[in-house]
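Trainee: I'd like to learn how to read this model feature by feature. Could you walk me through it?

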Amino acid sequence: MKHLFLFVLSVALFSLIHAAHAASRHPKILVVTDEPGAQAAYLVQDSFATTAPYPCLNVEVQVISLSREELDCRPHGDGRDRIVLCSSQASRKAQELRRRVGAKKVLIVVDLPYYGGNGGPTPVVTSAAQYRAPKTGMHEIMHTMGFSDTYDPSGQHSVGSGDIMSCTGQDCYVPQEWFSKVARGLGVRLPREFQ
Ligand SMILES: [Zn+2]
């Protein structure tokens with residue numbers, strides 16, 4: 001009986017440690033979309049795979065496709081151009097899926113033919129915005145990590161602290177503090193070589 005208890009305990013401990021380890025090694029971002037074929041969502045996935053500092057943090061981007069009815073975004077603005085919001089039902093559904101798959105962040109890619117998005121707690125981009133500027137989804141997710149809109153007119157480097165937002169190339173200059181901020185935002189420790 002005692003042996004059985006110890007065995008069960010060690011299996012439980014092992015799975016706990018393993019789960020914690022796996023989670024810390026691969027922080028996950030979830031992209032939920034109602035676009036048939038999910039192409040714009042896969043562009044978000046590509047952008048995280050090719051933009052510093054995300055590959056250094058082994059960020060995994062998972063895509064979940066829903067029908068328009070299932071997502072039920074009911075896109076609307078708030079009076080400002082380019083702001084696209086989804087219904088609270090859609091945001092709740094996205095957050096529920098995020099928790100279910102163990103992701104730290106979630107983005108909704110709503111299938112719309114015009115350029116828009118927003119960076120609220122459940123950020124949204126339109127498929128058209130993602131096609132036109134492939135880092136729009138990343139930009140909106142980064143708002144949830146505390147990054148602000150500070151665009152450099154040259155589009156090369158950041159102008160203020162915490163700005164990755166204007167960065168469009170794969171070899172963007174990434175200051176140390178971005179690394180730390182992104183790592184914090186994704187709930188992971190900065191790899192030793194970047195500390
Ligand atoms: Zn923004």
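Trainee: Is Pro191 buried, exposed or partly exposed?

Mentor: The rule goes by neighbours: 20 or more other C-beta atoms within 10 Å of a residue's own make it buried, 12 or fewer make it exposed, and in between it is partly exposed, with C-beta atoms placed from the backbone. Pro191 has 14 other C-beta atoms within 10 Å, so it is partly exposed. Its C-alpha atom is 9.9 Å from that of Ser180, eleven residues away along the chain.

Trainee: And where does Met145 lie?

Mentor: Met145 sits in the loop between α6 (136-143) and α7. Because it has 18 other C-beta atoms within 10 Å, Met145 counts as partly exposed. For contacts, we ask that two C-beta atoms, placed from the backbone, lie within 7 Å. Leaving aside neighbours within four places in sequence, Met145 is in contact with Lys181, Val182 and Gly185. The C-alpha atoms of Met145 and Val182 are separated by 6.6 Å, though the two are 37 residues apart along the chain.

Trainee: How much should I trust the coordinates? What is the mean pLDDT of the protein chain?

Mentor: pLDDT is the predictor's confidence in each residue, from 0 to 100. The protein chain has a mean of 81, and 73% of its residues reach 70 or more. Over residues 151-164 the pLDDT is below 50, and that stretch has 30 contacts in the model beyond near neighbours in sequence. Residues 166-171 are also below 50, with nine such contacts. Where pLDDT is low, the predicted coordinates should not be read in detail.

Trainee: Now the overall layout. In what order do the strands form the sheet?

Mentor: Strands pair if DSSP finds at least two bridges between them. Here five strands make an open sheet, ordered β2-β1-β3-β5-β4, with mixed pairing. β2 (60-65) and β4 (117-118) are at the edges with a single partner strand each, so one side of each has no neighbour in the sheet. Along with those five strands, the protein chain has seven helices.

Trainee: How do the partners of β3 run, parallel or antiparallel?

Mentor: β1 and β3 pair in the parallel sense over five bridges. Ile29 stands opposite Lys105 in β3, and Thr33 stands opposite Val109. Three bridges join β3 to β5 (residues 124-126), and these strands also run parallel. There, Val110 has Thr126 as its bridge partner.

Trainee: Which residues lie on each side of β3?

Mentor: In a regular strand the side chains alternate between the two faces of the sheet. In β3, Lys105, Leu107 and Val109 are on one side, Val106, Ile108 and Val110 are on the other, and all are buried.

Trainee: Last one: which residues of α4 are buried?

Mentor: An α-helix has 3.6 residues a turn, so residues three or four places apart point the same way. In α4, the buried ones are Ala90, Lys93, Ala94 and Arg98. They cover an arc of only 140° around the axis (taken from the directions from the helix axis to the C-beta atoms), which puts them on the same side of α4. These buried residues pack against β1 (28-33), α3 (68-71) and β3 (105-110). The face turned away carries the exposed Ser88, Gln89, Glu96, Arg99 and Arg100.

Notes. Residues are numbered from 1 along each chain as its sequence is written. This is a predicted model: local features need pLDDT of at least 70, side-chain atom pairs count only at pLDDT 80 or more; totals for chains, interfaces and linings use all residues. Helices (H or I, at least four residues) and strands (E, at least two) are DSSP runs, numbered from the N terminus.
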